[in-house]
Amino acid sequence: MLQESDYDELLKLIEYREDGHFYHKYDSARRKAGQRAGYKNGVGYIFVCLGPQKFNAHRVAFYSVYGYLPKCIDHINGDKTDNRIENLRACSYAENTWNRKLRKDSTTGYKNVKWIKAVGKYQVKICAKGIMYSSNYFDDAKTASEEAKRMRVELHGDFANNG
C-alpha cells in the first residue's frame with residue numbers, strides 16, 4: 001500500500017501542471033526535464049512511476065494540490081485521462097459508482113432501465129445508500145429513461161450521471 005511519503009518522494013521528481021499532466025523535473029538517462037511523465041494502462045487510467053511503484057495519476061494530482069489522499073477520487077466528467085484538478089473530487093465509493101456512464105452490456109440502451117420479462121414492461125432500478133429503488137412499469141424504454149434521469153438527480157445529487 002502506498003503511503004503519503006511515497007507521493008512526496010514522487011513529487012520531488014515530477015511536477016503537476018494545470019493541464020492535468022505530469023512533467024519530469026530533471027534530466028535522466030531515459031528522459032529530459034520538461035518531458036511528459038506517465039502512461040495509460042489497459043483500463044484507461046494514467047499512471048506515473050517511481051522505480052517499480054506505480055501511482056494513479058489522478059491520486060497524485062489530488063495529493064499535490066490538496067495535501068491529502070481521500071479513499072476515493074471521482075473524475076467528474078467520466079474521462080479517466082482528464083486529471084485536471086477541476087475535474088477531480090473526493091467522494092465515497094458509492095458516489096463514484098453513481099457517476100458511471102451507461103454500461104456497455106446494457107440490454108435496453110438506457111442507464112438503470114431494465115426489461116422485466118415476466119411483466120413485459122420496462123422498469124427503473126436505482127441503488128442509493130444501500131437501498132434499491134424501483135419505479136412503476138413503463139411500456140417503452142424511452143419513457144422509463146426519463147423517469148430514471150429524474151430519480152438519479154433526486155437520489156444521487158451532484159453525482160448523478162445520465163450518460
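User: In this predicted model, is K71 buried or exposed?
Analyst: The place of K71 is the loop between α2 and β7 (72–75). Exposed stands for a relative accessible area over 50%. K71 has 70% relative accessibility, so K71 counts as exposed.

User: Which residues is K71 in contact with, leaving aside neighbours within four places in sequence?
Analyst: K71 and Q3 are 68 residues apart along the chain, and their C-alpha atoms are separated by 12 Å. Contact requires heavy atoms within 4.5 Å. With neighbours within four places in sequence left aside, the contacts of K71 are R59 and Y93.

User: Which element gives the largest share of the largest nonpolar core?
Analyst: The largest nonpolar core has 17 residues, and I14, F22, V48 and V60 have the most contacts inside it. Two or more residues come from each of α1 (4–11), β1 (14–16) and α2 (57–66). The largest share of this core, five residues, comes from α2.

User: Which residues does V60 touch, not counting those up to four places away in sequence?
Analyst: V60 is among the residues with the most contacts inside the largest nonpolar core. Not counting residues up to four places away in sequence, V60 touches Y7, L10, L11, F22, V48 and F55.

User: How many residues does the other core have?
Analyst: Another core lies apart from the largest one, and W98, V113, A141 and M151 are among its residues. The count for this other core is 15 residues.

User: What is the area of the nonpolar surface patch that includes V65?
Analyst: V65 is found in helix α2. V65 is partly exposed, with a relative accessible area of 40%. Together with Y66 and Y68, V65 makes a nonpolar surface patch of about 290 Å².

User: Which glycine in the turn between β4 and β5 has a positive phi?
Analyst: β4 and β5 run antiparallel and are joined by two bridges. In one of them, K40 stands opposite I46 in β5. The two strands form a hairpin with five residues between them, and the turn residue with a positive phi, about 110 degrees, is G44.

User: How many residues lie between β5 and β6 in their hairpin?
Analyst: Strand β5 (residues 46–50) pairs with β6 in the antiparallel sense over four bridges. F47 has N56 in β6 as its bridge partner, and L50 stands opposite Q53 in β6. G51 in the turn has a positive phi of about 65 degrees. The number of residues between β5 and β6 is two.

User: Is N112, with its positive phi, buried or exposed?
Analyst: Most residues other than glycine have a negative phi. Phi of N112 is near 70 degrees, and N112 is found in the loop between α3 (93–98) and β9 (113–116). Its relative accessible area is 17%, and N112 is therefore buried.

User: What is the relative accessible area of K129?
Analyst: K129 is not a glycine, yet its phi is positive, about 55 degrees. The place of K129 is in the loop between β10 (121–128) and β11 (131–138). K129 is exposed, and its relative accessible area is 70%.

User: How many residues apart in sequence are the parts tied together by the salt bridge of D139 and K121?
Analyst: The side chains of D139 and K121 meet at 2.6 Å, N to O. D139 is in the loop between β11 and α4 (141–156) and K121 in strand β10. D139 is exposed at a relative accessible area of 60%, whereas K121 is partly exposed at 28%. The pair ties together parts that are 18 residues apart in sequence.

User: What is the N to O distance in the salt bridge of E147 and R150?
Analyst: E147 and R150 both lie in helix α4, three residues apart, about one turn of the helix. At 43% relative accessibility, R150 counts as partly exposed. The side chains of E147 and R150 meet with an N to O distance of 2.7 Å.

How values were computed: Residues are numbered from 1 along each chain as its sequence is written. This is a predicted model: local features need pLDDT of at least 70, side-chain atom pairs count only at pLDDT 80 or more; totals for chains, interfaces and linings use all residues. Side-chain values use heavy atoms; hydrogens and water are left out. A nonpolar core is a set of buried Ala, Val, Leu, Ile, Met, Phe, Trp, Tyr and Cys residues joined through side-chain atoms within 4.5 Å. Buried means under 20% relative accessible area, exposed over 50%, partly exposed in between (1.4 Å probe, protein chains only). Patches are made of residues with over 30% relative accessible area and no salt bridge: like charges are joined within 9 Å, nonpolar side chains (Val, Leu, Ile, Met, Phe, Trp, Tyr) within 5 Å. Accessible areas come from the Shrake-Rupley method with a 1.4 Å probe; for residues, only the protein chains shown count as cover. A salt bridge is a side-chain nitrogen of Lys or Arg within 4 Å of a carboxyl oxygen of Asp or Glu. Two strands pair if DSSP finds at least two bridges between them.
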